[in-house]
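Hi,

Here is the structure I said I would pass on.

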Amino acid sequence: MILLGAALLLLPVSVRPGAEVSWIDALFTSTSAVCVTGLIAIDTYDHFTVFGQAVVAALIQVGGLGVTSVGVGLILAAGRRVSFKGRLLVKEALNVDNFKGMVRLVKAVLWMTLCFEGAGVALSFLVFIRDYPPLRALWISVFHSVAAFNNSGFDILGGLQNLIPYRDNILLNLTTCALILFGGLGFLVMLDISHARSFRKLTLHSKVVLTTTAALLLVGTVLLKATEEITWLGAFFHSVSARTAGFSTYPIGEFTNAGLFVLVVLMFIGASPGSTGGGIKTTTFFALMQEVRSVFTKRQPGAFHRSISGETRAKAAVIALLSLLVVCCGTFLLCVLEPQRAFIQVFFEVVSAFGTVGLSTGITPDLCVLSKLVLILTMFIGRLGAFTLLSIWINRPEPGVRYTEEMITIG
């Protein structure tokens, strides 16, 4: 999908007359779209025609829903049966435990996406129609709704301005936040909410996702308001957007180091499993915090009268460690390739790429080719997951012999 998207974006029909799109910028844009990141090396509106913008929107949609879900949706639309292999792929892609109701699940995912994005188009159109002709306003609304629900911070307003002109528009801010939040919760959580209709009846997974998301939004909003000269609406918007969406209503390059660090933490944690967002995921962060709490309290890790298995906690630790390793390697390489950049700028850019966020301090368009390749690889790893990529290459059988256990000093 990334290579196909890059090829389409290089076609003359995709590029505006007088604009230049290099192969590295086309590849960067396509990777950012498929990995639903939103980092840009060139402005989407200033360089691409409506066809090119439509290609970007399609890549975002496929990347957000997943190639598997879109493929199964096309099979169902054609009236054909989904094979066992197709159901297996959906099961793995959506993190489902069993095969029960797999086709119904895909249909529900596609319908939810259509409903949320349709509502986003309608509400966004009420804002953009005031500043643009009807057809242009409609296209901006469609593009924005697709990008927001899929947690990808692309925009087609031009001039690398993102949503800064609409920082005080309450309707667009809240609409965008709602699309980002619902897209970042995960389809299984949204289905669970629609069926349970009360917090007590939700599964442990849904409860963990909702409570962790709420806590991160609250803490992020308060800290951003305390560190930056922005409104409460702006603080809330960036607390939401930093959870892998990448839209901004204030210039990120003008944030203080404290504000950038708050955004880095939010970007690294990211959204929830089975969603359109990235990061190490809210459930991973929750499991790690429960493990830390259990060490000090000597109580079984868990929440809501349920315990969390040791296997889950171990996987969370591995994911966090591997993710931190990827970020450290990417940051080191960019520090070597871009010695003139401030460390916080480089660090912020790498975490944004890994968390498939798209927020930027503004240095991405001016990076060299090798630096852009580093960010491309970081976005790719961030979208697939370091744990997933490592498990592809390392598949050693369980050893038949176990060594004698011995203690080592920790801490």
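First, the ground rules. This is a predicted model, so local features need pLDDT of at least 70 and side-chain atom pairs count only at pLDDT 80 or more, while totals for chains, interfaces and linings use all residues. Residues are numbered from 1 along each chain as its sequence is written, and side-chain values use heavy atoms, with hydrogens and water left out.

Now the helix pairs (helices being DSSP runs of H or I with at least four residues, numbered from the N terminus). Helix α1 (residues 2-9) packs on helix α4 (residues 50-65) at an angle of about 170°, with the axes 10 Å apart. Axes here are lines fitted to C-alpha atoms over the stretch in contact, and angles run from 0 to 180 degrees between N-to-C directions. That makes α1 roughly antiparallel to α4 (over 145 degrees; 65 to 115 would be roughly perpendicular). Gly5, Leu8 and Leu9 in α1 meet Gly52, Val55, Val56 and Leu59 in α4 (contact means heavy atoms within 4.5 Å). By class, five of the residues in this contact are nonpolar, two are polar and none is charged (Ala, Val, Leu, Ile, Met, Phe, Trp, Tyr, Cys and Pro count as nonpolar, Asp, Glu, Lys and Arg as charged, the others, Gly among them, as polar).

The other pair is α10 (residues 187-196) and α11 (residues 204-227), whose axes come within 10 Å and cross at roughly 105°. That makes α10 roughly perpendicular to α11. Val189, Asp192 and Ile193 from α10 meet His205, Ser206, Val209 and Leu210 from α11. The classes here are four nonpolar, two polar and one charged.

Lastly, the single residues. Ser124 sits in helix α7 (residues 102-128) and is buried, at a relative accessible area of 0% (buried means under 20%, with a 1.4 Å probe and protein chains only). Its side chain reaches the backbone oxygen of Gly120 at 2.8 Å. Lys281 lies in the loop between α13 and α14 and is buried too, with a relative accessible area of 18%.

Cheers

Notes: Helix = DSSP H or I, 4+ residues; strand = E, 2+ residues; numbered from the N terminus. Buried < 20%, exposed > 50% of the residue type's maximum accessible area, 1.4 Å probe, protein only. Polar contact = N/O pair within 3.5 Å; in protein donor to acceptor, adjacent residues only side chain to side chain. Parallel < 35°, antiparallel > 145°, perpendicular 65-115°, else oblique.
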